[in-house]
Amino acid sequence: MLIRRPPDIPSSEITPERVFLDRRSFIRHAALGTAAAALSPSTLSGTRHTAPQDPRFSELESELGEPVNAWTEITTYNNFYEFGTAKEDPHRNSGSFRPRPWTVRIEGHVNNPGDYELDDFLAPHRIEDRVYRMRCVEAWSMVIPWRGFPLGDLVRRVDPTGDARFVEFTTIVRPDEMPGQRTGVLPWPYVEGLRLDEAMHPLTMLVTGVYGVDLPNQNGAPLRLIVPWKYGFKGIKSIVSIRFVEEMPMTTWWAANAREYGFYANVNPEVDHPRWSQARERRIGELRRRETLMFNGYANQVGQMYADLDLTRWI
Ligand SMILES: Nc1nc2c(c(=O)[nH]1)N[C@H]1C(S)=C(S)[C@@H](COP(=O)(O)O)O[C@H]1N2
Ligand SMILES: [Mo]
């Protein structure tokens with residue numbers, strides 16, 4: 001891929017965000033038959049707080065209608081309690097975590113169980129970039145350009161048996177590399193789960209990257225889940241096991257505090273957290289709060305799955 005960049009910027013200072021947006025613009029310009037040279041150096045500098053017509057963002061915005069968060073925001077403001085509970089802890093404390101070599105175990109009610117080396121695990125899948133809203137249950141949010149593939153593709157490949165009704169995901173346990181696991185802040189390992197139909201939904205992704213590069217450790221390298229209509233804690237990081245089960249799995253935040261967190265965790269502005277409202281959210285990088293959207297703005301795509309569920313009871 002030809003990537004043009006101004007000669008006065010050392011490559012060490014070019015973030016994946018800039019390369020990604022540059023490459024996107026290049027593809028767009030090429031498709032329009034215009035020269036890639038239309039990208040002037042001025043379009044490659046600055047922060048996200050620029051005019052919306054800035055060509056760096058226009059294409060990514062058009063996928064969702066909202067500005068995409070900056071690389072620095074996405075990679076320094078994180079929740080990953082295995083590395084500490086402050087937002088900057090995962091970025092600061094995950095430097096010695098080694099996301100390779102990595103093995104993913106497929107187990108439970110499935111016709112193709114086994115231990116898959118990560119490259120073999122990923123090889124059959126068509127990797128794509130997708131921009132999704134991310135809404136944390138704590139009422140902050142971002143817009144993030146993930147890279148990955150639909151979890152449903154994996155489910156079809158490993159072929160669950162008729163007994164499989166839920167999928168349970170487990171994070172790696174490595175207290176030597178994950179200082180938070182040497183504390184009792186949560187029960188380890190972190191576990192999450194989905195109903196099988198949620199796992200098969202085309203919006204649900206297994207994610208390997210952000211901004212076109214491999215996931216940084218603090219974002220859940222080398223493999224994490226993204227379910228964009230659910231609160232962020234469903235998006236379990238650094239997955240080592242995917243188990244197909246009959247019963248609804250007990251998940252980490254549900255086990256830690258069943259009064260405040262449940263299995264479904266669908267984004268719902270009408271059901272408040274016991275300690276705060278969920279009606280609005282603080283979009284990182286913006287001053288005014290935004291209204292939180294039902295199912296995080298994905299109601300048209302996913303609402304039908306919950307037609308029979310009491311959304312006020314099943315949190
Ligand atoms: N293993 C593990 N996965 C996790 C968490 C965690 O503490 N441990 N935090 C969750 C929460 S609360 C959120 S909001 C998202 C944050 O993902 P991000 O840091 O990439 O934005 O990761 C989720 N996945
Ligand atoms: Mo979260």
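Is Asn296 buried or exposed? I looked this up before anything else. Asn296 is buried, at a relative accessible area of 2%. My cut-offs: buried is under 20% relative accessible area, exposed is over 50%, and partly exposed lies in between, with a 1.4 Å probe and protein chains only.

**Ground rules.** I am working on a predicted model, where local features need pLDDT of at least 70, side-chain atom pairs count only at pLDDT 80 or more, and totals for chains, interfaces and linings use all residues. Residues are numbered from 1 along each chain as its sequence is written, chains are lettered from A and ligands numbered from 1 in the order written, and side-chain values use heavy atoms, without hydrogens and water.

**Positive phi.** I went back to Asn296 for its backbone. Its phi is positive, about 60°, although Asn296 is not a glycine. Asn296 belongs to the loop between strand 12 (290-291) and helix 9 (299-302). Helices (H or I, at least four residues) and strands (E, at least two) are DSSP runs, numbered from the N terminus.

I then checked Asp159. Here too phi is positive for a residue other than glycine, near 65°. Asp159 sits in the loop between helix 6 and strand 5. With 35% relative accessibility, Asp159 counts as partly exposed.

**Helix 6.** In helix 6 (residues 151-158) they are Leu151, Gly152, Leu154, Val155 and Val158. They lie on the same side of helix 6, because they cover an arc of only 155° around the axis. The arc is taken from the directions from the helix axis to the C-beta atoms. I noted the background: an α-helix has 3.6 residues a turn, so residues three or four places apart point the same way.

**Cis peptides.** I looked up two proline bonds. Arg100 and Pro101 are joined by a cis peptide bond, with omega about -5°. Pro101 lies in the loop between helix 4 (89-93) and strand 1 (103-108). Trp188 to Pro189 is also cis, with omega near -5°. Pro189 lies in the loop between strand 5 (166-171) and strand 6 (191-195).

**Strand 6.** I followed this strand to Arg195, which is part of it. Arg195 is buried, with a relative accessible area of 17%. Its side chain makes a polar contact of 2.8 Å with that of Asp197. I count a polar contact as a pair of N or O atoms within 3.5 Å; within protein, one must be able to donate a hydrogen and the other to accept it, and residues adjacent in sequence count only if both atoms are side-chain atoms.

**Ligand 1.** Which residues come nearest to ligand 1? Of the 18 around it, they are Asn78, Tyr81, Glu82, Gly235 and Lys237. A residue is near if one of its heavy atoms lies within 4 Å. I checked the oxygen atoms of the ligand. A polar side-chain atom of Asn78 is 2.8 Å from one oxygen atom. A polar backbone atom of Tyr81 lies 2.8 Å from an oxygen atom of ligand 1. For Arg224, a polar side-chain atom is 2.9 Å from a ligand oxygen atom. Taken alone, ligand 1 exposes 530 Å², and the protein buries 98% of that. These areas come from the Shrake-Rupley method with a 1.4 Å probe.

**Back to Asn78.** Glu88 and Asn78 are 10 residues apart in sequence and 6.6 Å apart in space, C-alpha to C-alpha. Glu88 is in the loop between helix 3 (71-76) and helix 4. Glu88 is partly exposed, at a relative accessible area of 32%.
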